Amino acid sequence: MKTATFKVWQGNSDGGELETYEVEVDQGYVVLDAIHRIQAEQANDLAVRWNCKAGKCGSCSAEVNGSPKLMCMTRVDELPADKPITVEPMRTFPVVKDLVTDVSWNYEVKASIKRFSPKTADHEDGSWSMDQYDVERPQEFRKCIECFLCQDVCHVLRDHQLHDRFAGPRHYVYVANMEMNPIDTGDRVAELREELGIGYCNITKCCTKVCPEGITITDNAIIPLKERVVDQSYDPLARLIKLVKGTGD
Amino acid sequence: MTQHQVLEYDVIVIGAGGAGLRAAIEAATKGASVGLICKSLLGKAHTVMAEGGVAAALANVDDRDSWKVHFADTMRGGHYLNAWRMAELHAKEAPERVRELEGWGALMDRTPDGLINQRNFGGHAYPRLAHVGDRTGLEMIRTLQDHGIHEGIDVHMEVTVSKLLMDGGRCAGALAYDRELGRFKVFKAKAVVMATGGIGRAFLVTSNSWEYTGDGHALAYQAGAELVDMEFVQFHPTGMVWPPSVRGILVTEGVRGEGGILKNSEGRRFMFDDIPPLYKESTADTPEEGWRYVIGDREARRPPELLTRDHVARKIVKEVQEGRGSPHGGAFLDIAWIQEHIKDSEDHIKKKLPSMYHQFKELAGIDITKEPMEVGPTTHYAMGGIRVDPDSQMSTTVPGLFAAGECAAGLHGANRLGGNSLSDLLVFGKRAGGYAAEFSAENTPVHLQDEQIDLAVHEALSPLERDPGADVGPYRLQYELQQLMQDKAGIAREEGGLAEALDELQQLKTRAQAMGVGGSREYNPGWHTVLDLQNLLTVAEAVVMASDARKESRGAHSRLDYLDKDPEWGTVNLVLKKGHDGEMELRREGISEIPKELRKIIEEQG
């Protein structure tokens, strides 16, 4: 059996450092397998989040060799074999312990967003008719597994720490899913511009690149939402009409 | 007195998968104050892994479907050991529970008419599973989560319950610790809903994550609840088998629903070789007829790959045992072959089974649109669990304790049909939450004694106070348990192995009780694993005892020394309860007589 060298960040909010481990790696090993092996054999109290181990729950997000990744979907044999593999917690969120970060902020932001509100049902049994073509667009956004890797990589959060005025790619995808749902009646455009701060996004597309679900976050969610914000808030003709009607902005 | 925070609610819900979320939503809707306790982060529970769909007789794709057919299919699939009243309620209420999800933001795949689309699945007479590609569970948990966060529910994330607290004979709350810092929380509640899911971690090869350590089963048992049907553990026929690191990860039954076929190393479609009598008339005679069924020919009968999970799993094991398995000890599951019938099969497969495509591509280096997959049985689901009143979901012996979803028993009998768990958690999650809210409104506040709390805190902390060097460590001990259950209480059981398992479990129990762990209370998975082990050992004992007692093969329970179904066992459930001396006691209980009109439905549906 082959061995690999892992450098795993260990510590808490007071600080920490990379600890080095030599680990036996089986065929087909993913990074999470190696972390589990370290935990079972060398560091019983190593803190790591995981659940499904199949890329479906989005729990095991970390930075592998500096890139935001799901540990369960990152094959060890696809990483350079000639140097140690580093595994660190997501940098955008405060560390709890070792590879575990405090992602509660994401849950707070989501709860603050105007909820889904359907139109009256089309049929007596309480159901709606929707075309497959129309549901496919929001269905792309509903593939999101809330791993928060897009939040981790986004420079507005990662480098500028604007958590208080910028909701981040995950939540634009969440809003886009409701805005494009054929039966939703809510309007979240003003909220996107103000509280959710979509204007801070300068479409560098880093989020799209790291999304393990392959959601085209920037092109399919953020840009269309930005267009709606622009249409509603900055369209000169609409402004003129509002001015004449006296409804203000 | 120990240090702990006290939180008081009308209703607490333990577990935040589909059943827990649905229960919490219902209880909150009824006006109860609700605390939802979740072992992981919200939205990560195992419901997320459900792939193929949610079973409900919407009759959108085939208008011959109805609750009656769904009821009869569920009873037949469960070999008639099901709690018939639960099967009736489930079949009747599932369609409304599924439809209401779209009002909360879910978006299922559509029929050409714009209605919710439905697909074929094993044991269901008609296309019945509402779905979103192969990520239906994610759709459901996210919908319930996104709806639930606006219903005034207090969510306690990464908090694990270590003990149920009692006020006399009545369930009155729970003691829990948070993973972050190991702080204790006392949840005081007038009603408690258990929704903790399964026990898969008791076995080595499993589709279940670290969380599924039978917490609900074990905690309820320790509090005096009855467990029933514990011998019935579902081994899903198609888990991944290669490479070793992914062994056990689920491959959805949807692959077979979309036309996937099983072959052995000789290229033979072995599922045609042995059709159980109960399904003889409803199974295709030829591959050609099977394919016509897949594409919706109403005159055709279903291919044998869509027989029930217990049967398919056993057939795969047989092929492997007789030397006709795939290179890594499974069978071949081939969806790529549909290119013979479908022009754009590659796109079709990617669209219908996107996460399967992704999973095999990334983890096994296999392109399922071109090559067959290697699959074998994986521990998937516990049919057994907390014995409840079919209508209210309240424990038969502990007032104030309710259970829903996988940790409750009754609906599925000896074998669960695919898709019936997602509908189960909606129907009975809602019922449990609703009745728990009613119970809390009708009953007086509870009183908790300090001594009870102090003792529970002491028990939970004791592994940290013991020497960690004395044994193999918590993970290895769990591994030993998993190996034991896999070998001696797994898919094929016999008296000698079960007797040995019972002995060895006692030794593991002793070692687990003496197990020490290093590190602090701060996010320490080693400590959490020791505590979870106590629950796993309790459910393992229950599985072994019940498996030993049921001297026949039925549904998911296969005995090498009693190969056939025994009619005498066909009307008997096995019930387990903690005895006065603290030992596990087992008794047989006859199934209550099924009402005439339901019996008639079963007879009419064949």
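## A lysine in chain B

B:Lys577 sits in strand β17 of chain B, a stretch that covers residues 572–578. Keep in mind as you look around that this is a predicted model. How covered is this lysine? B:Lys577 has a relative accessible area of 27%; since buried means under 20% and exposed means over 50%, B:Lys577 counts as partly exposed.

Another residue to look up is B:Ala542: 35 residues separate it from B:Lys577 in sequence, and the C-alpha to C-alpha distance between them is 9.3 Å.

## Chain A as a whole

Over to chain A, which has 10 helices and seven strands. If you follow its C-alpha trace along the principal axes, the span is about 75 × 45 × 30 Å. Chain A has 249 residues, and 55% of them are buried. As for its surface, chain A exposes about 11,000 Å², with carbon and sulfur atoms supplying 49% of that.

## An arginine in helix α1

Helix α1 of chain A is where you'll find A:Arg37. Is this arginine buried or exposed? Its relative accessible area is 17%, and the cut-off for buried is under 20%, so A:Arg37 is buried.

Not counting residues up to four places away in sequence, A:Arg37 touches A:Met1, A:Val23, A:Glu24, A:Asp26, A:Tyr29 and A:Gln42.

## Helix α3 of chain A

Helix α3 of chain A runs over residues 132–141, and its buried residues are A:Val135, A:Pro138, A:Gln139, A:Glu140 and A:Phe141. What do they pack against?

## Where chains A and B meet

How many residues are in contact between the two chains? The count is 62 residues of chain A with 64 residues of chain B. Between them, chain A and chain B bury an area of about 5,100 Å², and carbon and sulfur atoms give 52% of it. Three residues stand out on the chain A side: A:Lys56, A:Arg115 and A:Arg142 supply 15% of the area that chain A buries against chain B, more than any other three residues.

Chain A and chain B share nine salt bridges. A:Arg142 turns up again in a salt bridge, its side chain meeting that of B:Glu139 at 2.5 Å, N to O. Across the interface, 41 residue pairs are in polar contact. On the side of chain A that touches chain B, at least two residues each come from α1 (31–41), β6 (95–97), α2 (104–112), α3 and α6. Of the elements there, α3(A) gives the most, with five residues. Sorted by class, that side of chain A has 31 nonpolar, 14 polar and 17 charged residues.

Technical notes: Residues numbered from 1 in each chain as written. Chains lettered and ligands numbered in written order. Predicted model: local features only at pLDDT ≥ 70, side-chain atom pairs only at ≥ 80, totals over all residues. Heavy atoms only, no water. Buried < 20%, exposed > 50% of the residue type's maximum accessible area, 1.4 Å probe, protein only. Helix = DSSP H or I, 4+ residues; strand = E, 2+ residues; numbered from the N terminus. Contact = heavy atoms within 4.5 Å. Buried area = accessible area lost by both parts, 1.4 Å probe. Salt bridge = Lys/Arg side-chain N within 4 Å of Asp/Glu carboxyl O. Polar contact = N/O pair within 3.5 Å; in protein donor to acceptor, adjacent residues only side chain to side chain. Nonpolar A, V, L, I, M, F, W, Y, C, P; charged D, E, K, R; others polar. Areas by Shrake-Rupley, 256 points an atom, 1.4 Å probe, with all protein chains shown as cover.
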